[in-house]
Each structure stands twice: as C-alpha cells, then as structure tokens.
Amino acid sequence: MKTRREVLQSLIVSIGGASVLNACGGIARVVPSSSMRFYSDQELALVSRISDLIIPRTDTPGALDVKVPGFLDSLMTEWANPETKNNHHEELKELTRMLGEGFATLPPDTSEQRLAQFDYEAFNGRPISYSGYRSLKSLITQAYFASEDGALQEQKWVAVPGRWDPCVEIQ
Amino acid sequence: MPDFDAIVVGSGMSGGWSAKELCEHGLRVAVLERGPEIKPERDYVDQLPPWEQKNLDRISQDEIARHYYKQYPGVAYAVKESNKHFWVKDDEHPYETVNGTEYDWLRGYHTAGRSIMWSRQSYRMGPQDFTANKEENIGIDWPVRYDEISPWYDYVERFAGIAGNRDGLKQLPDGEFQPAFELTCAEKEFKTRVEAAFPGRNVIQARVAHITAVTDEQRALGRTNCQAQNRCHFGCSFKAYFSSLHATLPAAQRTGNLTMVHNAIVQSVEFDAESNRVTGVRVVDAETNQHRFYSSRLVFLNASTIASALILLQSKSSTFPNGLANASDQVGRNLMDHVSGAGANGLIQGFENKTVFGRRPGGIYIPRYANITEHDKPYKRGFGYQGGATPLGNANGQIPGIGQVFKEAHGAPGPWRVSIGAFGEQLPNPNNRVTLHPTKVDKWGNPLALFNVTYSENERIMLEEARKDAVAMLEAAGCSEINSSPVNLTVPGNRIHEMGSARMGRDPDTSVLNGWCQTHDVPNLFITDGSFMASSACQNPSLSYMAFSARSVKYAADLLEEKVI
C-alpha cells in the first residue's frame with residue numbers, strides 16, 4: 001500500500017515531474033507546475049483532491065495512481081474547444097465556491113464528509129446547480145476506466161473475449 | 001478491344017459482389033474506387049486498448065467543426081479519433097440541401113466503402129415487400145417477386161456468413177444461417193412476456209453478418225469466427241464480419257481477373273449512340289487531377305445510390321440530354337432511407353445476480369408486425385425494432401456515491417436495461433430527390449449533390465405509433481422506470497440506408513432499371529447498389545443489394561456470352 005505522499009508523487013510524475021510536492025500535516029498541496037497546460041495550480045489541486053476522493057486507491061489503483069488529473073489536463077488542452085475550455089474553468093470556479101475555498105487543503109476526513117454530502121445533493125437534490133460537479137465526476141470516471149489499471153483491474157476489460165456468454169452468474 | 005470486359009464503379013457492399021461474380025464468370029474486371037486504399041495492418045484500430053486511445057477516443061471539437069460537421073453529429077457512436085480516417089471530411093466532400101430540408105450523407109471513401117463501417121444487420125426482404133407497392137398503388141410495382149430472389153439470398157448468405165436463428169416468420173424469411181448469438185437471460189424473459197402479451201409479435205436474435213461457424217470457403221479467405229470484441233467500427237483483424245475488403249474483393253482477386261484502381265473518381269459514363277451501348281467511363285484522379293478513360297464492354301454502377309445517380313446525371317449526351325439512361329426522368333428521384341427516432345427503454349428485474357461475458361455485435365430484433373399480423377394501423381407498411389437487454393453497467397460516473405463504494409459499484413451486480421428503437425419504412429415519393437447543384441462544384445469540378453427530401457405523414461404517424469407500441473411492450477414485459485422520449489424523426493439519410501434513386505420497374509417510362517438491374521435505355525449498363533430499390537421495406541438493406549448484385553451479374557454474363565450485349 002502506497003502512502004498518500006507516494007500517491008501524490010505519482011501524480012506529479014504524471015504531470016511531468018516539474019512540480020514540487022509540499023506536504024504538511026497530512027495536507028497535500030501541489031505547487032507551481034509548468035507542465036500543466038490547462039489547469040491552474042488551484043484548479044489542479046481541486047481536481048486532484050476530488051479525483052482521489054471519488055476513486056481512491058483500494059486493493060486496486062485509484063484515480064491519482066493512474067494520473068487522472070494529468071489526463072484531464074491533456075483532454076482539455078487537446079480535445080476541448082474554447083467554449084468547452086471556458087465552461088470547464090467556470091465549472092471549477094463554481095465548484096470551488098460551492099465546496100468552499102479551502103476544500104483542497106481540508107483534512108482528509110473533513111473533505112471526504114463534505115464531498116459525500118455534496119455528491120448526495122448532486123444526485124438527489126437539484127441536479128442542475130450541480131451539473132459542473134456531475135460533469136467532472138463523469139470525466140474523472142471515464143478517464144479512470146480508460147487507464148490500463150482502471151480497465152484491466154477494476155473493469156476486468158478483456159481485449160479479445162473470444163466468445164459470447166449471455167448469462168453468467170456473479171460469484 | 002476494350003481495356004476490360006467489365007468496369008465496376010465502387011468497391012463497397014455491392015461493388016465487391018459485382019466484382020467477385022464478374023471475375024468468377026471469367027471476365028476481366030476493373031474496380032474503380034474513388035478513395036485511397038485501406039490496409040488493415042495499417043488502418044485498422046480494433047486492437048487499440050482503451051489506454052492507448054487519445055482523449056477518450058474523442059475527435060477534438062475544433063476538428064469536428066472543421067472537418068466532420070456532418071459525419072460526426074450523424075453517426076457519433078462510430079466516428080472516433082482512432083478511426084476518423086474511415087469517414088469523409090465534410091469540407092472536402094460537401095453537399096447542399098434545398099432550403100427548409102435536411103439530409104445526412106454519411107460516407108467513407110476508400111477500399112470497400114461503407115462495408116468496413118456498417119452495423120452488419122442482415123435481413124431478407126419478405127414476399128410482402130415486393131407486392132406492397134402494387135397492392136397499395138404506391139410508387140411502381142417491383143418487377144421481381146420474393147421467390148425469384150430467394151435462391152440468391154441463399155447464395156450470398158452462405159458466402160458472407162450470417163449469424164441468425166431460423167425463426168419461421170413469413171415476413172422475414174429464414175436463410176442459410178450460421179448459429180445466432182444467444183439471447184441474454186433478460187432477453188429470453190422479455191421475449192416470453194412480449195410474445196405472450198402480443199401473439200402476433202416476435203422477439204428474435206438479431207441476424208448479423210458475423211461468422212460463428214467458419215466454413216472452409218471462408219477460412220480459405222483468411223476469415224474466422226467472431227471473437228466478441230464488438231470493435232467492428234474500427235475494423236476487424238479477424239475478418240469475422242462481412243466486408244468487401246475481406247470477402248468479395250479477395251475472392252475476385254484470386255481469379256487473376258481483377259484490376260483494382262484507387263483514387264479514380266468517375267465523372268461520366270460514355271455512351272455511343274450508334275451502337276446504343278456505353279463504351280467506358282471517364283475518371284479524374286483524386287490525387288493528381290489527371291483525367292483518364294477506361295473502356296469496357298459492360299459497366300456496373302455500384303457507387304452507392306446517390307453517387308450512381310449523380311454519375312448518370314453528369315453523363316449527358318444528345319441522346320440523353322437529362323442524363324444517361326434517364327429517359328424516364330426517374331434518376332435521382334424516389335430517394336428513400338429508413339426512419340428512426342422512436343423507441344423506449346426500461347429496467348427489467350430479476351437478473352441482478354447475473355451478467356454477460358464478451359461483447360456481442362448485435363442484440364434483439366422485433367420483426368415487422370404492423371399490417372402483417374396486426375391490421376388496425378393508421379399507417380401503411382411498418383417497422384422493425386432493434387435493441388437488446390443487457391446489464392445497465394456504468395462507466396460514466398452518473399451514479400451517486402464517492403470512494404470505495406462508488407468504485408466498487410461499477411463491478412457490482414446491478415439492474416438490466418431493455419432498450420428498443422424502431423426502423424420504419426419510408427414510402428417512395430418522386431419529389432424526394434437528389435439533383436446536380438446548378439452552380440457549385442467540388443475540387444475536382446464535379447457538381448455537388450443537392451438534396452430535397454422530406455418525410456410524409458405516413459412516416460410521422462408510423463413513428464408515433466412505434467413509440468406507443470414500444471412502451472406497451474416494455475410495460476407488458478414488466479419493466480420499470482420506462483423512458484420514452486417524444487418522437488424525434490431522424491434526419492433523412494441518417495440511417496445510412498439511402499436507396500431508390502434509379503428504381504426498377506416493368507415500364508421504361510416510369511423506371512430506370514428492369515428486374516435484372518439493367519437500364520431500360522442502355523443494355524450494357526447495370527446498377528446494383530441501393531439505387532434499384534422500388535420500395536424501402538423496413539429491413540436493413542445491404543443483404544438485398546448483395547443478392548441482387550449476384551443475380552444481376554449472372555444475367556449480364558449470360559447476355560455477354562450469348563453476344564446479346
């Protein structure tokens with residue numbers, strides 16, 4: 001089992017190795033990164049924190065292990081048009097406002113509780129005001145399952161099934 | 001002496017068949033393909049795992065706006081970053097629509113055409129489809145009946161490889177099938193409940209052009225059984241689904257009689273008034289812009305229904321001032337497609353502890369019952385549904401929860417969803433047509449296609465009823481959380497089943513082709529792509545193009561041998 005610090009280190013590797021890891025009192029912060037092409041430092045910290053909370057490492061790798069934030073930074077840089085880019089920035093701004101300015105640096109238990117409550121509201125309350133969160137959650141999940149570990153270990157993706165079995169008992 | 005015995009224009013679904021059959025009759029054949037060569041080892045991406053796909057395999061939004069503004073919205077499920085080279089760039093291959101109308105012309109220009117991107121559903125037309133026009137006095141009568149084409153369906157099915165079940169339905173005749181992909185447990189339950197509630201309706205296994213019990217003939221072409229990857233839109237390294245690239249063109253090649261020419265855009269078919277024969281085709285090279293002429297004793301147009309009509313319309317002469325073989329003025333008219341945009345989905349309970357293994361390339365099919373077994377309909381003809389019942393699954397994060405619970409929810413047992421969507425018949429209408437744009441041309445100087453196609457009341461009413469029927473069947477099957485969006489008819493052309501632009505008929509005054517796909521006006525000119533269709537039926541049409549192509553070649557080859565043409 002990797003430590004939180006090691007997880008964050010792997011995150012940094014994922015974003016080009018130019019970042020400096022600064023951890024204090026269990027609170028991790030990623031400080032200036034010249035290799036991020038889309039996210040600001042604040043945005044990266046938020047996206048990283050949310051990614052880790054939504055898909056943590058368990059007995060399989062988590063979102064940070066498979067470098068989801070770096071993946072999304074590339075996606076926004078290479079795939080998104082100016083309107084989508086702007087929307088994504090705006091959504092993160094709104095998320096920061098709704099979750100609270102210091103969300104990314106809250107102690108883990110606190111941030112987990114906060115996001116769990118927020119997620120509950122997003123799926124049970126007024127979904128429209130939470131569309132930015134739901135959109136980010138969707139991207140994080142898609143990016144995770146598009147990774148080698150996410151696809152093979154978590155989703156049990158098989159390249160060439162070789163046969164079709166229409167009814168399998170789940171053990 | 002002509003350069004070739006026969007020229008086949010187009011290497012796609014029907015052109016491959018024309019080429020194979022002509023070559024196997026011992027004729028020297030040139031296939032003219034307007035696009036570049038597809039090399040599977042270079043161009044197929046079916047083996048690309050998710051983590052090697054760039055940006056979730058999404059084409060960048062700016063690139064879509066520049067190059068794929070018709071193709072991508074039209075067929076987003078199949079146009080991806082990794083396989084975008086299978087689809088035309090809209091800015092390079094533009095077309096126009098008459099104000100107030102829309103048309104989706106979705107294409108791939110390369111070896112084997114759309115036969116490498118198709119969705120492989122393969123159904124025979126039934127006896128009723130060949131007589132409906134006559135009985136209802138709509139359009140013109142088909143000059144062919146089911147019994148005449150039936151043995152040719154047998155013939156092409158054996159070679160192509162169609163996985164399907166023999167269901168014994170008269171409106172959707174059985175064929176020479178390989179084993180079908182078995183229904184999921186939820187589909188079996190859905191079938192039982194729907195068939196009990198609606199005795200005239202059937203839920204059957206989709207019939208798809210996938211090998212499931214490879215024959216020696218197929219193995220000799222390097223083909224093998226479907227591996228249940230369901231990556232078909234990215235090519236198939238196993239050559240398991242039927243395409244011209246892996247079946248008909250290699251069969252033509254091995255005769256030694258085939259000359260394959262790429263980047264050859266046909267601009268006209270040349271006509272000699274004295275002999276009343278076509279003499280060959282003029283092409284412009286897509287890469288060099290050089291013009292060439294190929295002569296031949298026979299010409300088969302298999303360019304696809306729109307392109308074949310455009311070629312005829314561009315081929316003007318003093319005998320045919322309105323386009324070659326167009327004395328009837330029917331070329332480009334009666335353009336049809338299938339119409340979708342109605343369906344329903346819902347959850348089916350009782351299978352939460354079950355899942356599937358493998359990725360099946362088809363699902364279920366509900367054959368047409370309207371005006372077959374049920375006669376109380378406020379519309380003519382009918383529709384079939386395609387669909388399936390599979391575990392809901394979730395990879396898009398649209399379920400509640402965070403952390404370990406959320407992560408594990410993706411692999412946990414869960415509900416199954418049934419989904420069905422209608423494919424309806426579009427009635428022929430001479431006002432639905434494609435013409436040459438009066439002023440605009442593409443970069444090779446060819447007039448742009450100008451579409452003027454709209455649906456009629458029959459299609460609108462039919463699809464409203466199809467939506468209600470879909471909901472009723474899901475209700476009868478005990479589904480919960482049934483969703484059924486308001487009917488939103490697909491844009492004409494969107495189903496990529498365009499057909500009818502040179503219909504066959506008995507009377508040269510009202511049709512372009514006779515029952516052998518031979519033009520009434522010019523004996524050595526044949527068209528065996530979707531152009532010949534006198535009505536659209538509601539079944540996916542490719543299998544019919546295959547059968548009519550093979551039958552037509554036999555006829556043409558016999559005429560050549562008898563020196564009639």
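How many bridges join strand β3 of chain A to β10(B), and do the two run parallel or antiparallel? In this predicted model, 3 bridges join β3 (residues 165-169) of chain A to β10(B), and the two run antiparallel. Within this pairing, B:T355 of β10(B) is the bridge partner of A:V168.

**Extent of the interface**
- Contact between the chains involves 48 residues of chain B and 54 residues of chain A.
- About 4300 Å² is buried between chain B and chain A, with 61% of that area lying on carbon and sulfur atoms.
- On the side of chain B, the residues that lose the most area to chain A are B:W51, B:F357 and B:K407, which together account for 19% of what that side buries.

**Polar and charged contacts**
- Between chain B and chain A, 25 residue pairs are in polar contact, counting those in which both residues have pLDDT 80 or more.
- The rule finds 1 salt bridge across the interface of chain B and chain A; B:K354 forms a salt bridge with A:E169, and the closest N and O atoms of this pair are 3.3 Å apart.

**Elements and composition on the side of chain B**
- Three elements of chain B, namely α3 (61-67), β10 (354-357) and α11 (403-409), each supply at least two residues of the side that touches chain A.
- Of the contributions to that side of chain B, the one from α11(B) is the most, at 5 residues.
- By residue class, the side of chain B that touches chain A comprises 20 nonpolar, 18 polar and 10 charged residues.

Definitions and conventions:
Residues are numbered from 1 along each chain as its sequence is written. Chains are lettered from A and ligands numbered from 1 in the order in which they are written. This is a predicted model: local features need pLDDT of at least 70, side-chain atom pairs count only at pLDDT 80 or more; totals for chains, interfaces and linings use all residues. Side-chain values use heavy atoms; hydrogens and water are left out. Contact means heavy atoms within 4.5 Å. Buried area is the accessible area (1.4 Å probe) that two parts lose on being put together, summed over both. A salt bridge is a side-chain nitrogen of Lys or Arg within 4 Å of a carboxyl oxygen of Asp or Glu. A polar contact is a pair of N or O atoms within 3.5 Å; within protein, one must be able to donate a hydrogen and the other to accept it, and residues adjacent in sequence count only if both atoms are side-chain atoms. Helices (H or I, at least four residues) and strands (E, at least two) are DSSP runs, numbered from the N terminus. Ala, Val, Leu, Ile, Met, Phe, Trp, Tyr, Cys and Pro count as nonpolar, Asp, Glu, Lys and Arg as charged, and the others, Gly among them, as polar. Two strands pair if DSSP finds at least two bridges between them.
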